[in-house]
Amino acid sequence: MTITRRRILRGAAGGLAATVALPLLDCMLNTNGTALASGAPMPLRFGTWFWGCGMNPSRWNPKATGADYEITPELKPIEAIRAHVTVLSKFDVLLDGKSNFVHSSGNLGIRTGQAPAQADQNELPTIDVLIADAIGGTTRFRSLELTASGNPRHSYSRRSTSIVNPSEGSPVAFYTRLFGPDFKDPNAADFKPDPAVILRRSVLSSVSDDRARLAAKVGAGDRARLDEYFTSVRQLEQQLELQLQKPPPAEACVMPKKTVDGPVGQDIEVSTANHKLLTGLLAMALACNQTKVFNMVFSDSASSLTKAGTDKTHHTLTHEELADPQLDYQPQATWFGARSLEAWADFVSILAAVKEADGTLLDNCLVLAHSDTSFAKTHDVLGIPIMLAGRAGGRVKTGLHVAGNGEPVTRVGLTLQQVMGLPIDRWGMGAMQTAKPVSEILV
Amino acid sequence: MSRLLASCRVLAAVALALSLAGCGPREPETAGRPLTVQRLTEKQYRQITADVFGDDIRVVGRFEPVVRKDGLIAVGTNAATVTPSGFEQFDSMARNIVAQLFEEGRRDRTVACKPPAVNAPDDACAGLVLAKYGRLLFRRPLSPDELKARVAVAHDASMASGDFYHGLALALATELEMPEFLFRIDSAESDPDHPGNMRLDAYSKASRLSFLLWNTAPDDELLTAAEKGDLNSERGLKRQVDRLLASPRLEAGIRAFFTDMLAFDGFETLAKDAMIYPDFNATVAADAQEQTLRTITDLLVARQGDYRDLFTTRRIFMDRVLGPIYYVPVVPKHGWAPYEFAEGDPRAGLLSQVSFTALYAHPGQSSPTLRGKAVREIFLCQKVPAPPANVNFAVAQDTSNPDYKTARARLTAHRTNPTCAGCHRIMDPIGLALENFDGIGAFRAQENGTAIDTSGELDGVHFANAKDLGQAIHDNPAAASCLVDTLYKYAGGQAPAKGDRDWMRWLNDRFAANGYRVPALLRTLALSHGFYGVAEPGKASGISSATLRLEDQR
């Protein structure tokens with residue numbers, strides 16, 4: 001059914017040649033692979049990757065800093081990809097006298113630069129939203145949110161408490177959204193604006209006709225909510241507008257094969273498999289320039305991951321499991337932590353396997369991975385584990401360990417925003433405000 | 001004997017006097033509540049499109065995740081908005097619905113008029129169609145300007161595509177995407193009965209009634225009543241309220257309310273460990289909700305029973321999916337049959353049903369704490385504070401420790417920690433009474449080979465087991481007042497004003513006087529004046545915007 005409709009649409013749009021992808025020749029690129037020879041830079045992407053329930057600081061944090069740090073027991077899963085990753089330890093979320101709202105203060109502290117005054121309340125937008133506002137306007141999707149758990153509520157991409165960008169957890173739904181009938185192959189030989197899209201765009205613009213009259217009717221709070229609705233309408237209009245322009249070629253873009261949904265759930269094997277499927281599709285969404293900003297939730301804040309046949313979730317284990325006296329840590333809870341890091345290694349490897357220019361897709365990304373706590377048993381928000389991946393088009397170094405030694409974690413967020421080109425010189429609120437980027441990673 | 005008789009006579013006289021006075025004590029004045037802007041829920045969207053276009057229309061798409069605020073999704077809709085990806089979905093759903101409406105063979109039902117030419121615009125016919133559906137979707141007639149704008153969209157699109165129907169379809173799709181459809185935007189007007197005060201206008205009133213009682217948009221008759229001004233007269237309002245209450249569709253309204261109150265959306269993502277609970281699956285989850293909703297509507301609507309009996313009723317409904325979990329033989333191969341637990345059965349009331357015990361449990365074990373918290377918050381409206389961040393659970397949570405074989409033993413040890421004791425003392429005794437029901441609600445007498453002790457205490461009332469707990473909640477005054485509070489929040493999308501204590505007390509008294517019957521409570525609320533009162537933060541601007549709206553309509 002879909003195929004038929006696509007064929008018809010393509011037929012209408014101008015013939016059969018449209019389906020053949022043209023590889024971008026290397027001679028069209030500059031020497032370091034970060035820009036086209038014409039001077040137009042390769043697109044730079046930003047993403048986040050989240051896992052719940054942290055780690056054991058004494059087994060996770062490396063001692064030495066710089067490139068020659070030792071791989072600690074809990075960093076074992078990233079050994080093979082260490083060249084792509086920078087480990088940031090001992091950067092703190094400062095609560096500024098507010099309560100430690102379990103599994104929410106740490107996560108929101110890192111993402112918004114401010115510890116929340118109430119559990120799960122976003123007073124400020126998350127960092128991905130700030131970055132998407134700055135760079136997300138030129139792609140079909142401002143940002144894409146994904147969750148391995150399949151639960152759309154597992155999303156930490158938020159403009160405010162009530163404006164949460166829902167996560168997609170089904171590979172089929174994600175595929176259809178990205179590569180369904182509305183997808184325009186950037187490497188298609190010829191391009192003709194689709195008259196149906198022209199019509200849709202002009203019809204859609206009429207939805208906002210009565211915006212001013214409506215705004216006059218409601219109070220300030222509701223006006224802001226309606227504004228958000230109209231912004232969403234506008235964004236769809238922009239999506240349609242972009243579909244009417246010939247997209248810039250994307251060398252690495254290969255339309256992925258149609259996928260099938262596997263089982264969905266919090267069982268770690270199920271989540272791990274779903275995560276790989278979704279990441280593969282995300283890599284192509286990025287390579288095909290469908291978005292520049294993405295968010296992946298591997299497990300939720302207060303990880304509800306389970307292991308078949310055991311009665312406790314990852315989260316419950318972090319609180320209830322006794323530390324093994326010989327090992328001096330909680331073996332089952334720690335096992336979930338290791339599996340989470342393996343999934344992160346999968347994620348990085350999948351992006352690094354896509355060749356783009358003379359580097360990889362990952363080289364033109366900057367990905368922030370972090371958790372909601374360091375030691376989950378006590379909900380510790382000091383030294384929450386953070387990793388960065390990707391060289392941001394040559395703007396940052398990778399393969400390092402940087403220790404924050406109690407400095408506010410907002411230094412990381414500030415650095416990321418500056419690398420992504422946001423014109424800011426400080427970030428964070430109260431005790432977390434900082435003007436000091438993590439210069440060790442800057443090129 | 002004679003004394004008893006005498007007091008009976010007095011009671012009868014009082015009852016007579018009350019009935020002569022009409023509805024008992026007069027309704028106290030209220031300050032009114034701010035206007036609301038509520039986003040439609042998924043269920044409402046689906047129901048409205050089925051009502052307006054036919055229930056064979058498929059709605060395919062993902063809805064925005066719900067926002068739960070102050071315990072209810074209904075309150076969350078008053079804070080929710082539409083995100084970019086959410087709008088993308090609404091756009092695709094709208095186009096998909098309209099495509100079905102304009103399919104060959106269906107089109108003539110959608111479009112009652114015939115254009116003179118199919119390849120050119122026809123404003124008259126487009127206007128008829130867009131006005132008809134627009135009124136049902138926006139829950140009010142379109143203003144002349146609004147209609148003109150929609151017709152213009154159809155005109156231009158028909159022109160551009162050379163197809164009347166295609167242009168009309170695109171214009172109709174916009175009605176399904178506009179904020180006037182996706183949000184319930186309340187409007188106010190000045191209240192002639194209380195000069196200087198504001199009230200909801202007739203259409204907003206109609207919407208509020210219809211969403212409360214049927215969980216869908218007003219039907220044609222209710223909109224017509226609003227149009228004629230009937231809803232502003234006591235008689236006219238009564239006629240409509242009684243019509244809605246008498247309809248079989250009331251059941252949908254009651255179901256929607258309890259689905260929200262009981263947080264059944266949690267089932268969407270509820271997972272149980274397949275090795276520990278091989279009997280649990282998606283069908284069990286769906287049927288467990290259905291079982292509870294059937295119990296509720298049977299008692300409250302069909303039998304016009306006392307709300308508090310939900311906590312003690314032995315009457316339930318069974319199907320072959322749930323029978324094995326309850327160890328109950330089920331006769332019909334398909335569908336549901338009423339079932340009554342024996343007098344001595346440990347099960348009675350909602351709290352012993354799978355929909356409660358499975359939802360408030362961990363994937364691989366029961367949870368007295370989650371269950372106790374849910375009872376306090378959902379049924380007694382008592383907020384349990386969040387746990388402190390730095391808690392040591394390990395000492396008491398070792399299930400292999402021979403001293404702590406049951407959850408009671410483990411939690412008792414946990415409660416020795418003074419920081420934890422305060423809250424656990426109010427949650428655990430309730431939850432421990434339900435420990436006979438495991439993580440999916442199946443009965444067990446023992447945990448780890450040790451008999452389960454289900455005794456405890458709720459606000460001074462001692463109980464021996466789950467059944468007694470149900471009775472204690474039944475008798476607890478907080479249960480009825482919590483229902484009134486929750487229903488008020490659900491109906492208006494916000495909590496009652498702090499200054500409206502007298503009014504809330506009046507509502508509670510009416511509920512009690514009517515035998516704690518929920519349909520009667522709905523009727524009291526729907527016929528009250530306070531339910532439609534409007535207070536705006538900046539009252540002056542409220543009046544001017546409402547006046548504007550009135551002028552628009554003239």
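**Close-up views of a two-chain model**

View 1. E290(B) and R294(B) both sit in helix α14 (residues 282-302) of chain B, four residues apart, about one turn of the helix. This is a predicted model. The two residues form a salt bridge, with the closest N and O atoms 2.8 Å apart. R294(B) is partly exposed, at a relative accessible area of 28%. Elsewhere, D133(A), R142(A), R159(A) and E228(A) are joined into one network by salt bridges that share partners. Over all chains, the structure holds 56 salt bridges.

**View 2. The salt bridge between E241(A) and R234(A).** Their side chains meet at 3.5 Å, N to O. E241(A) counts as partly exposed, with 24% relative accessibility. R234(A) also counts as partly exposed, with 36% relative accessibility.

**View 3. Helix α11 of chain B and its buried face.** Helix α11 (residues 220-228) of chain B has these buried residues: L222(B), L223(B), A225(B) and A226(B). Down the axis of α11(B), the buried residues fall within an arc of 155°, so they line one face of the helix. They pack against three helices of chain B: α6 (123-138), α10 (202-214) and α12 (234-246). Just after α11(B) comes G229(B), with a positive phi of about 85°.

View 4. The side chains of D220(B) and R135(B) meet in a salt bridge at 2.7 Å, N to O. This pair links distant parts of the chain: D220(B) is in helix α11 of chain B, R135(B) is in helix α6 of chain B, and they are 85 residues apart. D220(B) is partly exposed, with a relative accessible area of 45%. R135(B) has 16% relative accessibility; the cut-off for buried is under 20%, so R135(B) counts as buried.

**View 5. Strand β4 of chain A, covered on both faces.** Strand β4 (residues 293-297) of chain A is mostly covered, and five of its five residues are buried. In a regular strand, side chains alternate between the two faces of the sheet. On one side of β4(A) are V293(A), N295(A) and V297(A); on the other are F294(A) and M296(A); all are buried. Strand β1 (residues 45-50) of chain A runs parallel to β4(A), joined by five bridges. There, F50(A) has V297(A) as its bridge partner. Strand β3 (residues 144-147) of chain A is also parallel to β4(A), joined by four bridges. Here L144(A) stands opposite F294(A).

**View 6. A three-stranded open sheet in chain B.** The strand order is β3-β4-β11 (chain B), and the pairing is antiparallel. The edge strands are β3 (188-190) and β11 (533-534) of chain B, each pairing on one side only. Strand β4 (residues 198-200) of chain B is joined to β11(B) by two bridges.

**View 7. The interface of chain A and chain B.** In this interface, 54 residues of chain A are in contact with 68 residues of chain B. The two chains bury about 5000 Å² between them, 59% of it on carbon and sulfur atoms. K217(A), R225(A) and Y229(A) supply 14% of the area that chain A buries against chain B, more than any other three residues. Six salt bridges cross the interface. R153(A) and D265(B) meet through their side chains in a salt bridge at 2.9 Å, N to O. On the side of chain A that touches chain B, the elements giving two or more residues are α6 (195-205), α7 (211-217), α8 (220-243) and α10 (314-320) of chain A. Of these, α8(A) gives the most, with 11 residues.

**View 8. S158(B) in helix α7 of chain B.** S158(B) lies in helix α7 (residues 144-161) of chain B. This serine is buried, with a relative accessible area of 2%. The side chain of S158(B) reaches the backbone oxygen of F164(B) at 3.1 Å. Beyond its neighbours within four places in sequence, S158(B) contacts A120(B), P121(B), D163(B), F164(B), G167(B) and L168(B).

**View 9. R107(B) in helix α5 of chain B.** R107(B) belongs to helix α5 (residues 107-110) of chain B. At 24% relative accessibility, this arginine counts as partly exposed. Not counting residues up to four places away in sequence, R107(B) touches L101(B), F102(B) and Y165(B). R107(B) and A169(B) are 62 residues apart in sequence, and 9.9 Å apart in space from C-alpha to C-alpha.

Key. Residues numbered from 1 in each chain as written. Chains lettered and ligands numbered in written order. Predicted model: local features only at pLDDT ≥ 70, side-chain atom pairs only at ≥ 80, totals over all residues. Heavy atoms only, no water. Buried < 20%, exposed > 50% of the residue type's maximum accessible area, 1.4 Å probe, protein only. Contact = heavy atoms within 4.5 Å. Arc of directions from axis to C-beta. Pairing = 2+ DSSP bridges. Buried area = accessible area lost by both parts, 1.4 Å probe. Salt bridge = Lys/Arg side-chain N within 4 Å of Asp/Glu carboxyl O. Polar contact = N/O pair within 3.5 Å; in protein donor to acceptor, adjacent residues only side chain to side chain.
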